[in-house]
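Here is a short report for a first look at this structure. Start with the view below, then read on.

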Amino acid sequence: MATDVKSAALLLDLTKCTACRGCQAACKQWNDLPAEDTQNVGSYQNPQNLSYDTYTLIHFDEHERDDGTLAWLFLNQRCLHCTNAACVDVCPTGALAHNEMGFVSYEEEKCNGCGYCTQYCPFGIPRLGQVDTITGEAKSSKCTFCQDRTTNGLSPACAQACPTGAILYGERDELVAKGKQRVEELKAKGRSAARLYGENELGGLHQMYVLETKASVYGLPEDPKYPAGATLRNVLKPLGNVAIGAALVGSVAAFFITRRNIKMEQVE
């Protein structure tokens with residue numbers, strides 16, 4: 001169903017996730033991503049990690065609650081679409097950018113394979129992959145927020161496929177309110193550590209989680225920080241452009257000076 005969303009976001013209520021992997025399959029199908037060779041090595045998630053060909057991955061963990069009961073915790077791991085996105089700031093080609101709807105868009109044809117985004121993401125999401133075995137050309141990849149769907153009034157494929165309503169898509173402010181309400185419901189049921197993850201982190205995430213316990217238990221940083229190295233790169237990038245410009249001006253000046261000297265020698 002088409003929707004008019006101006007400040008888009010996803011709310012993932014992980015307490016409703018059953019790890020059916022419907023979102024994982026829908027992501028593969030919509031983005032035409034190839035399957036990967038997998039093997040059973042004792043881990044519950046398969047494939048073992050995100051990759052150039054896997055944007056979304058269900059991560060499993062068994063957790064002992066405060067009351068002594070055991071529970072499965074499922075994390076839908078993918079790009080969290082930060083407002084203060086280090087990957088956008090360090091990208092030298094503009095392949096990563098902020099869409100007017102708030103998410104971090106990605107244009108693969110602009111990617112030069114530098115890998116900076118993979119180094120500076122606080123969540124370790126973007127992955128670098130070799131796309132040409134002959135030339136060694138590489139590209140990065142990540143969840144694109146189904147930008148070809150959402151910019152045309154459709155919900156992301158993962159939200160469309162989720163059978164339990166664990167993934168909600170809509171206006172960010174409305175989803176923040178729903179997330180807070182759900183957290184209060186969980187606390188009333190004895191889940192005192194429940195929290196809404198992403199309301200304010202890194203300027204506000206456009207993929208937020210309802211967690212029933214500490215973020216670190218899910219493998220998420222409790223208080224993600226904008227990496228200092230990304231700030232430095234962001235400061236040095238314009239200086240680098242100035243240096244390149246100065247070098248070009250110097251080269252042009254040297255060219256004309258050399259031409260003048262050659263002509264003077266010819267005249268003499």
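## A charge over a ring

Arg149 lies over the face of Trp30, at 4.6 Å from the ring centre. A charge counts as over a ring if NZ of Lys or CZ of Arg is within 6 Å of the ring centre and within 35 degrees of the ring normal.

## Basis of the model

The model is predicted: local features need pLDDT of at least 70, side-chain atom pairs count only at pLDDT 80 or more, and totals for chains, interfaces and linings use all residues. Residues are numbered from 1 along each chain as its sequence is written, and side-chain values use heavy atoms, leaving out hydrogens and water.

## Aromatic pairs

Rings of Phe, Tyr and Trp (its six-membered ring) pair if their centres lie within 6.5 Å; planes under 30 degrees apart are stacked, over 60 edge-to-face, and the rest tilted. The count comes to 5 aromatic pairs. Phe60 and Phe74 have ring centres 5.1 Å apart and planes at 75°, so this pair is edge-to-face. Phe60 lies in strand S2 and Phe74 in strand S3, so the pair ties together parts 14 residues apart in sequence. Helices (H or I, at least four residues) and strands (E, at least two) are DSSP runs, numbered from the N terminus. Phe60 is buried, at 14% relative accessible area; Phe74 is buried too, at 11%. Buried means under 20% relative accessible area, exposed over 50%, and partly exposed in between (1.4 Å probe, protein chains only).

Phe103 and Phe145 form a stacked pair, 4.9 Å centre to centre with 10° between the planes. They are 42 residues apart. Phe103 is buried at 0%, and Phe145 at 1%. Phe60, Trp72 and Phe74 form one aromatic cluster.

S2 and S3 run antiparallel and are joined by 8 bridges. Two strands pair if DSSP finds at least two bridges between them. His59 has Leu75 as its bridge partner in S3. The hairpin has 5 residues between the strands, and Gly68 takes a positive phi near 90°. In S3, 6 of 8 residues are buried.

## The open sheet

In the order S8-S1-S10-S9, 4 strands form an open sheet with mixed pairing. S8 (167-171) and S9 (195-197) are the edge strands. S1 (residues 8-13) pairs with S8 in the antiparallel sense over 5 bridges. Leu12 stands opposite Ile167 in S8.
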